[in-house]
Amino acid sequence: MEGRVLSTLRPSQIYRPDVMEDIHLKADLGRYRFRGFGTLRPRPLPSFDDLTFITCSLTRIPLEGYRERCSTKTVLGARFAKRPIELDIPVMITGMSWGALSYNAKVALARGARRVGSSTTTGDGGMLPAEREHSRVLVYEVLPSRYGLSIHDLRAADAIELTVGQGAKPATGGVLLGSKVSPEIAAARELPAGVDQRSPARHPDWLGPDDMIIKIEELREATEWQVPIFVKLGATRVYDDVKLAAKAGADVIVVDGMEGGTAASPEILQDHTGIPTLAAVCEARRGLQDLGLYGQVQLIIAGGIRSGVDAAKAMALGADAVYIGTAALIALNCNRPLFIEDYAALGTEPYACHHCHTGRCPVGITTQDPELMKRLPIEEAADRVANFMHAMTLEIQMLARACGKADVHHLEPEDLRALTLEAAAITGLPLVGTNYVPGRRAGD
Amino acid sequence: MTTVDCASRSVREINEAIRRLVKDGASEILVANPGARHNLAVAVLTDVAITIDGPVGYYAGGMSDGARLTIRGSAGWGVAEGMLSGTVVVEGNAGNGAAASIRGGTVVVRGDAAARAGIAMKGGLLVIGGDTGYMTGFMMQRGRIIVCGNAEPALADSMYEGTIFVGGEIAELGNDTVVSDATPGERAEIRTALSRYGVKGPDAFRKIVSGRKLWNYDKKDLDVWKAAF
């Protein structure tokens, strides 16, 4: 440093080191960057952390936190289906493909969810038979790629999820880079082994909401109106999309915010498309309310749900249940400081790994390598998933009881206040310490 | 032949009636007065001959496994989509996405097919007696498409594998395709397939397969990727 004048060392705020590195990498690669995990935006998004529960005091009476009953039973899909889903808890495992995840990870998620009376979901690669075998409730995704789609699997499912989009990359298809398209995965998807698989963005046989009405009817006819039909949306124009999906006949609508995870996607989509989950749940509720279908069409919220606190806030804002994906993988062991030398070999380290796309997952979750997969013993992993989902449920119950609710589904917007002006504007909740809601006049 | 009359019945009632007849062991079913309803005869999982006596809407015969369906008229979007095995014969024309994502079986469109016929096919055979629309065979994975007439632009765009034969003019090949003349052996196979369903085709066919440049990203193929990616 001797002889240097500090005032000349002025790094650009526009071309920061990470921006320069990004340009250097793209100059080498000749394409945009892929990675997994989900958004890594340096600027924080508005989130559930911007809300706080105003629990009971004199105006409302709490339930005994550790003793009085607080129901978590969750019923989804009673609008048209003969067999709605009944879950013991409002926390469900979202769709993640066998291909993106290892066999061990898929089976561990199924077993873990089963132990706590909840569901798991297939993903962009068809139904893994072991997943059906080990799931108590299995949601079968029908995606644009239709990889491995079989009427027999469809009929073996407890619900069908017609996926329009995903929060991490709304309006684009999935990606599975060649390193993960093993011969087994290739056979299941009817693809050549080792190709960089890119799923389509649109369904092959329908485009807009009018077509979707007919598609939903086809799925109902194919399953004899037995099971609920979910429609999953990446959170973009949520208010209108939710209304269109509800009008099209969905029993359940899933809205996946931009914090949602992915095993592989162009980085820019993860960071620069969609809207945050906090905003998405508010728009979704408003859409259903304006149609008069709030309560009849159930709402599942996904995208960066990390804890029972996030779940409880989402439910207070209008969700009937939440999906977890990345959090469930972290419960499996994602980013845990084990096999640290293998994180280093990927150029990363525990708590900062987002290398799901490489297929070299050090802890055996997002890989098809049999040796890496062995690092995820199914039984132990299933225990951790069940424990985490159970802990989340206890957190939701604790907050619900503190708000005086004997059922977690009774949580409501009145139980929350906004900690920031931004969150108050997004949610319509008053700013703490005031009655002020941006955009709302006194007396409205 | 047992008859299901669609007049004054909902799609749900019609399909329930078909399912009931199949369960009771019917081998031939006539579906009369279809009135272009959507979702007729979907998810039939038995080797049974079903004839729909008139035009149909979307997804006729969709998601079937083993049924033999004949449509005496034209079909709307997604005819036979997702089929695993069996046959669907459309006597007229077919709307968008005919045989979309089928994994097996045979779909025959005696007339013309609209856009995206055979999109994302994962197996099976699609025969088109007339012309075919934009993006036929888009992202095709496996199986065969035989087009006796002309093909509109973006034919076979981004196909992974599979083979498309075209007897007429090709307006424009899709991204990453390789075209050649069908060999005598392939022409014989085409003739056999066409004669099985009584479809007349030309003597010569062009053969389109994947160029495989899109299988894995390579800077050398930047222009191909720019168009596709």
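This is a predicted model: local features need pLDDT of at least 70, side-chain atom pairs count only at pLDDT 80 or more; totals for chains, interfaces and linings use all residues.
Residues are numbered from 1 along each chain as its sequence is written, and chains are lettered from A and ligands numbered from 1 in the order in which they are written. Local features need pLDDT of at least 70 and side-chain atom pairs count only at pLDDT 80 or more, while totals for chains, interfaces and linings use all residues.

Helices (H or I, at least four residues) and strands (E, at least two) are DSSP runs, numbered from the N terminus. Helix α1 of chain A covers residues 17-29, 13 residues in total. From first C-alpha to last, α1(A) reaches 18 Å, close to the 18 Å expected at 1.5 Å a residue; the expected span is 1.5 Å times one less than the number of residues. The count of buried residues in α1(A) is zero. A residue is termed buried if 20 or more other C-beta atoms lie within 10 Å of its own, exposed if 12 or fewer, and partly exposed in between, with C-beta atoms placed from the backbone. A:Gly30 follows α1(A) and has a positive phi, near 75°.

Helices α7 (residues 238-247) and α9 (residues 277-291) of chain A pack at about 45°, with their axes 8 Å apart. Axes are lines fitted to C-alpha atoms, for helices over the stretch in contact, and angles run from 0 to 180 degrees between N-to-C directions. The two helices, α7(A) and α9(A), are therefore oblique to each other; angles under 35 degrees count as roughly parallel, over 145 as roughly antiparallel, 65 to 115 as roughly perpendicular and the rest as oblique. The crossing of α7(A) and α9(A) is right-handed, that is, the near helix is turned clockwise from the far one by less than a right angle. Among the residues that meet are A:Val238, A:Tyr239 and A:Val242 in α7(A) and A:Ala280, A:Glu283 and A:Ala284 in α9(A). Contact requires C-beta atoms, placed from the backbone, within 7 Å.

Strand β8 of chain A (residues 159-163) is mostly covered, with five of its five residues buried. On one side these are A:Ala159, A:Glu161 and A:Thr163, and on the other A:Ile160 and A:Leu162. Strand β7 (residues 137-142) of chain A pairs with β8(A) in the parallel sense over four bridges, pairing being defined by at least two DSSP bridges. A:Glu141 stands opposite A:Glu161.

Two loop residues of chain A were also examined. A:Thr94, between β5 (91-93) and α2 (103-115), is buried, with 30 other C-beta atoms within 10 Å. Beyond its neighbours within four places in sequence, A:Thr94 contacts A:Thr121, A:Ala302, A:Tyr323, A:Ile324 and A:Gly325. A:Leu346, between α12 (340-345) and α13 (370-373), is partly exposed, with 14 other C-beta atoms within 10 Å. Not counting residues up to four places away in sequence, A:Leu346 touches A:Cys353, A:His355, A:Thr358 and A:Arg360.

In chain B, 11 strands form an open sheet of mixed pairing, in the order β1-β2-β3-β4-β5-β6-β7-β8-β9-β11-β10. Its edge strands, β1 (2-5) and β10 (177-181), each pair on one side only. Four bridges join β1(B) to the parallel strand β2 (residues 28-32) of chain B, where B:Ala32 is the bridge partner of B:Asp5. Helix α1 (residues 11-23) of chain B lies across β1, β2 and β3 (49-52) of that chain and runs at about 165° to β1(B).

Key: Two residues are in contact if their C-beta atoms, placed from the backbone, lie within 7 Å.
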